[in-house]
Amino acid sequence: MAFTLSDEHKAIRRAVRDFAENEIEPVAKEHDENHEYPEDIRRKAAELDFVGASIPPEYDGPGMDMLGSVIVTEELWRADPGIGSAVGSASFGTNMILEFGDEWMKAEWLPQIANGETASCSMISEPAHGSNVAGIETTAEKEGDEYVINGNKMWITNGTVAGVGVCMAKTDPGEGHRGITAFLVPMDSEGVSTEKIDNKLGIRASDLGEVILDDVRVPEDNVIGEENKGFYQLMEFFANGRTGVAAQAVGAAQGALDAAMEYATEREQFGQKISEFQAIEHKIAEMATKVEAARSLTYRAASEVTQDNQEIAAQYSSMAKLFASEISVEVADEGIQVHGGSGYVTDYPAERYYRDARITKIYEGTSEIQKNIIADQIL
């Protein structure tokens with residue numbers, strides 16, 4: 001299936017690339033080395049409608065379709081996956097609020113996120129439960145007109161910088177996935193404490209944290225959607241999330257390829273540029289082909305998500321996530337090989353793309369989980 005970008009999509013790509021080249025690339029190395037969250041860059045990106053791409057205009061968002069959102073993510077990660085993650089993830093959880101939240105939730109929080117005033121987070125994973133969402137142990141007990149939430153959330157993107165979070169908790173612990181409810185939780189609520197996870201291999205500019213919920217009280221009005229329907233609500237957005245990670249992987253792979261090509265056309269050995277050696281030419285040709293294949297599959301997944309065919313979208317988003325993430329790591333690895341010894345040190349961005357690309361094979365469902373999903377869809 002061929003994908004021809006509309007003039008609007010081409011304009012989005014040009015705008016994001018210009019922003020990324022001018023605002024992200026010059027400071028990427030510094031943010032990576034210092035593990036520094038790019039608050040100012042996130043705010044600048046929001047001014048240009050690059051934060052919360054799917055948030056509609058009535059809540060101050062750009063209202064992009066899935067392909068537009070994918071292009072934004074791809075270009076941000078092409079410049080630097082760490083800062084790209086920080087900007088692109090600033091609206092985590094807003095799809096749940098948009099689809100199932102009450103109007104007051106949307107009116108209060110979505111404009112703040114779209115305008116860059118704050119970020120949001122999605123609190124699902126726990127120390128003992130990552131891929132197995134149904135196994136979460138965080139509970140929410142009803143007391144009068146409030147719920148009391150207790151639990152420990154782990155690997156939460158924006159965990160220490162978000163102003164609000166969507167928290168998945170068991171309201172009927174004996175019912176497994178049938179007893180999960182989604183809650184809107186302001187992160188400054190009494191009983192919420194966070195700790196930054198700072199010893200990451202890659203995407204070091206992106207915030208990651210552990211969130212402790214100790215007798216956190218929220219009004220019953222903070223239930224998002226229906227009680228005990230949270231798992232089913234969450235399932236509706238897995239295709240979006242996996243397509244988004246595929247876009248991240250494509251961006252990181254393209255960034256690694258760009259860096260390899262730039263180095264190959266500058267570096268000289270044996271009296272000629274190394275780009276003129278057939279061994280290097282073949283490496284770069286293979287890298288470029290793999291990146292384009294991953295991009296095409298990711299755009300196909302985005303189109304299926306937009307058409308809202310859930311079964312097909314689930315299949316293609318998992319295929320795109322699996323293929324693009326695996327290819328991203330392969331291309332980043334070959335990028336280091338093209339650089340030789342220079343690729344193994346921080347003087348060049350090759351090693352950073354390699355470290356950053358690796359996460360795409362893990363979060364939003366590991367490669368192994370994606371294979372299970374694909375098999376379930378096609379067998």
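**Exercise 1.** Which backbone oxygen does the side chain of Lys170 reach at 3.0 Å?

*Solution.* The model is predicted, and local features are reported at pLDDT of at least 70, side-chain atom pairs only at pLDDT 80 or more, while totals for chains, interfaces and linings use all residues. Residues are numbered from 1 along each chain as its sequence is written, and side-chain values use heavy atoms, with hydrogens and water left out.

Step 1: the backbone oxygen in question is that of Ile136, which the side chain of Lys170 reaches at 3.0 Å.

Step 2: a polar atom of the Lys170 side chain also lies 3.1 Å from the backbone oxygen of Ala134.

Step 3: Lys170 is found in strand β4 (residues 162-170), where strands are DSSP runs of E with at least two residues and helices are runs of H or I with at least four, numbered from the N terminus.

Step 4: once neighbours within four places in sequence are left aside, the residues in contact with Lys170 (heavy atoms within 4.5 Å) include Ala134, Ile136, Thr138 and Gly179.

**Exercise 2.** State how far the nearest side chain of opposite charge is from Lys170.

*Solution.* Step 1: Lys and Arg count as positive, Asp and Glu as negative, and His and the chain ends are not counted.

**Exercise 3.** Describe where the partners Asp207 and Lys196 lie and whether each is buried or exposed.

*Solution.* Step 1: Asp207 and Lys196 form a salt bridge, with their closest N and O atoms 3.3 Å apart.

Step 1: because Asp207 lies in the loop between β6 (192-196) and β7 (208-219) and Lys196 in strand β6, the pair ties together parts that are 11 residues apart in sequence.

Step 2: Asp207 is buried at 2% relative accessibility, whereas Lys196 is partly exposed at 33%.

**Exercise 4.** Work out which helices are tied together by the salt bridge of Glu330 and Lys290.

*Solution.* Step 1: the closest N and O atoms of Glu330 and Lys290 are 3.1 Å apart.

Step 1: Glu330 lies in helix α11 (residues 310-339) and Lys290 in helix α10 (residues 278-306), so the pair ties together parts that are 40 residues apart in sequence.

Terms used:
A salt bridge is a side-chain nitrogen of Lys or Arg within 4 Å of a carboxyl oxygen of Asp or Glu. Buried means under 20% relative accessible area, exposed over 50%, partly exposed in between (1.4 Å probe, protein chains only). A polar contact is a pair of N or O atoms within 3.5 Å; within protein, one must be able to donate a hydrogen and the other to accept it, and residues adjacent in sequence count only if both atoms are side-chain atoms.
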